[in-house]
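This briefing describes how the residues of one protein chain pack together. Please read it alongside the sequence and the coordinates shown here.

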Amino acid sequence: MKRKNIWYVYNAVKILGDIVLSFAIFFLSYYIRFYNEIFTFIFPPIKGVPELKFYNEFLPFYILVMLFTYIYRGYYKKILLDSMDEFVMIISGTITSGILLLAVGFFYRAYEYSRMFIIIIMTTTVPLIYFWHQIVKRFYVKYVKYFLGKPKIGIIGEEDRIKTIRERVVKNKTVKTYF
């Protein structure tokens with residue numbers, strides 16, 4: 001399998017995992033908001049516990065919003081980000097999706113969704129999506145190194161330019177060189 005094809009498989013696994021996690025986060029947030037004794041003691045549901053069927057009507061829109069913001073914020077770009085950059089990207093995407101979900105809650109008045117529910121979605125999304133992306137990235141890097149080896153690059157050109165490139169690559173601590 002070529003590196004390009006492995007990248008597509010890697011992104012497909014990330015997307016499917018993000019969708020499954022979004023479903024799980026939705027139902028986990030519903031449970032925490034309305035049935036967790038500790039949480040409901042601190043923040044009681046004043047209007048009562050709504051039926052899950054009202055929230056299930058919101059689920060397809062929620063999944064579409066999450067996928068839109070994941071794609072818009074660059075979760076599936078063609079580069080591997082380091083952990084901190086990916087964490088910041090996930091936080092910004094979660095805030096964007098949370099604002100969109102809250103805006104829908106304000107404008108769509110057929111049924112009023114709990115704002116605390118949406119805040120719980122936002123707080124559970126960040127660590128779960130982040131750890132999922134880290135696990136998939138770790139497997140991707142190991143798989144590519146194991147099956148395809150390290151990429152080999154040949155430099156063709158004038159001698160002084162080759163020397164300059166070689167010096168820059170040697171100074172870079174993240175690249176292992178074999179000259």
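Once neighbours within four places in sequence are set aside, Tyr75 is in contact with Lys14, Asp18, Tyr70, Met89, Ile90, Gly93, Thr94, Ile129 and His133. The model is predicted.

**Nonpolar cores**

- The largest nonpolar core holds 25 residues, and those touching the most other members are Phe26, Tyr55, Phe58, Tyr62, Tyr75, Phe117 and Ile129.
- Two or more residues of this core come from each of α1 (3–35), α3 (52–72), α4 (83–107) and α5 (115–148).
- With eight residues, α3 gives the most to this core.
- There is also a second, separate core of six residues, which includes Ile6, Val136, Tyr140 and Val144.

**The α3 and α4 pair**

- Two packed helices are described by the angle between their axes and the distance between the axes.
- For α3 and α4, the axes come within 9 Å and cross at roughly 145 degrees.
- This crossing of α3 and α4 is right-handed.
- On the α3 side, the residues at the contact are Phe58, Phe61, Tyr62, Val65, Met66, Phe68 and Thr69. They meet Gly93, Thr96, Ser97, Leu100, Leu101 and Val104 in α4.
- Sorted by class, the contact of α3 with α4 has nine nonpolar residues, four polar residues and no charged residues.
- Phe58 and Tyr62 take part in this contact, and both are also among the core residues that touch the most other members.

**Aromatic rings**

- The whole structure contains 20 aromatic pairs.
- One of them joins Phe68 and Tyr72, whose ring centres are 5.9 Å apart; the pair is stacked because the planes lie at 10 degrees, under the 30 degrees required.
- Phe68 and Tyr72 both belong to helix α3 and are four residues apart, about one turn of the helix.
- Tyr72 counts as exposed because its relative accessibility is 56%, and the cut-off is over 50%.
- One aromatic cluster is formed by Phe26, Phe27, Tyr30, Tyr31, Phe34, Tyr35, Tyr55, Phe58, Phe61, Tyr62 and Phe117.

- Ser29 is found in helix α1.
- Ser29 is buried, since its relative accessible area is 0%.
- Residues up to four places away in sequence not being counted, Ser29 touches Phe117, Ile120, Ile121 and Thr124.
- Thr125 is located in helix α5.
- Thr125 counts as buried because its relative accessibility is 1%, where the limit is under 20%.
- Apart from its neighbours within four places in sequence, Thr125 is in contact with Ile25, Tyr62, Met66, Tyr70, Thr94 and Tyr130.
- Tyr70 and Thr94 are also listed among the contacts of Tyr75.

**Leu102**

- Leu102 lies in helix α4.
- Leu102 counts as partly exposed, since its relative accessibility is 23%.
- In sequence, Leu102 and Tyr113 are eleven residues apart, while in space they are 8.9 Å apart, C-alpha to C-alpha.
- With neighbours within four places in sequence left aside, Leu102 is in contact with Arg115 and Ile118.

Terms used:
Residues are numbered from 1 along each chain as its sequence is written. This is a predicted model: local features need pLDDT of at least 70, side-chain atom pairs count only at pLDDT 80 or more; totals for chains, interfaces and linings use all residues. Side-chain values use heavy atoms; hydrogens and water are left out. A nonpolar core is a set of buried Ala, Val, Leu, Ile, Met, Phe, Trp, Tyr and Cys residues joined through side-chain atoms within 4.5 Å. Buried means under 20% relative accessible area, exposed over 50%, partly exposed in between (1.4 Å probe, protein chains only). Contact means heavy atoms within 4.5 Å. Axes are lines fitted to C-alpha atoms, for helices over the stretch in contact, and angles run from 0 to 180 degrees between N-to-C directions. A crossing is left-handed if the near helix is turned anticlockwise from the far one by less than a right angle, and right-handed if clockwise. Ala, Val, Leu, Ile, Met, Phe, Trp, Tyr, Cys and Pro count as nonpolar, Asp, Glu, Lys and Arg as charged, and the others, Gly among them, as polar. Rings of Phe, Tyr and Trp (its six-membered ring) pair if their centres lie within 6.5 Å; planes under 30 degrees apart count as stacked, over 60 as edge-to-face and the rest as tilted.
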